[in-house]
Amino acid sequence: MYTLEEVKAFVYGCKKCKLYKGRTNVVFGQGNKNADIMFIGEGPGYYEDQEGVAFIGPAGQLLTKAIEGIGFTRDEIYIANIVKCRPPNNRNPEIDEMKACIPYLRWQVKLIKPKIIVCLGKIAANNIIDANLRITRDRGKWCCKKDVWMIPTFHPSAVLRDVLKKRPFWEDFKKVKEKYEGLKDEENK
Ligand code: URA
Ligand code: SF4
């Protein structure tokens, strides 16, 4: 079994899909290696590509606020993306790119062993939870796979574009907090 650091070192040289050509930095993901909660986005944007850190642009700032709003810091949780290299002009990642990259995310999940996974937006939710999931219809609904609780919510970029998504986004974060507290209580019984 590899460590997270070993997987990361490997991904830094990855050329498994065409996205390697346009990247400035691989954005592996970061946070607590033993996090109880993992947030999964789609792929790096401009700022993330520049710095090699996930969710640090405007969407990332909103995500950080929401995380802190439910009483966590970014250091306590883990943040990663479906693809680790920035798609040109922030287009959606293509099927072959996601297929090439997702094994890295699976490694991350296996090593971090989160209790809760929050899928940010349709791309993450379709890959992690259910290919037929529709985010507006299905956000905020829990499912449990292999002992990991999963919930889809809007992508913070979508929330920035549409104020009407703000409230449901926040409701979903509150559900995450409740679920976390509930799981902790069960553990301590
Ligand atoms: N959007 C994402 O999906 N991921 C990031 O890391 C930044 C913006
Ligand atoms: Fe490799 Fe993923 Fe980057 Fe494609 S997006 S080159 S699979 S790390």
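Which element gives the largest share of the shell around ligand 2? Helix α4 does, with 3 residues; helices are DSSP runs of H or I with at least four residues, strands are runs of E with at least two, and both are numbered from the N terminus.

This is a predicted model, in which local features need pLDDT of at least 70, side-chain atom pairs count only at pLDDT 80 or more, and totals for chains, interfaces and linings use all residues. Residues are numbered from 1 along each chain as its sequence is written, chains are lettered from A and ligands numbered from 1 in the order in which they are written, and side-chain values use heavy atoms, without hydrogens and water.

Ligand 2 sits in the largest cavity, that is, more than half of its atoms lie within 2 Å of the grid points. A cavity is a set of points on a 1 Å grid over the protein atoms alone where a 1.4 Å probe fits but cannot get out, and lining residues have an atom within 4 Å of a point. The space in the largest cavity is about 80 Å³, a volume being the space filled by probe spheres set on the points.

Cys 17 is among the residues surrounding ligand 2 and lies in the loop between α1 (4-11) and β1 (30-31).

Methods. 1 Å grid on protein atoms, 1.4 Å probe; cavity = no way out; pocket = protein on both sides within 12 Å on 5 of 7 lines; lining within 4 Å. Near = heavy atom within 4 Å.
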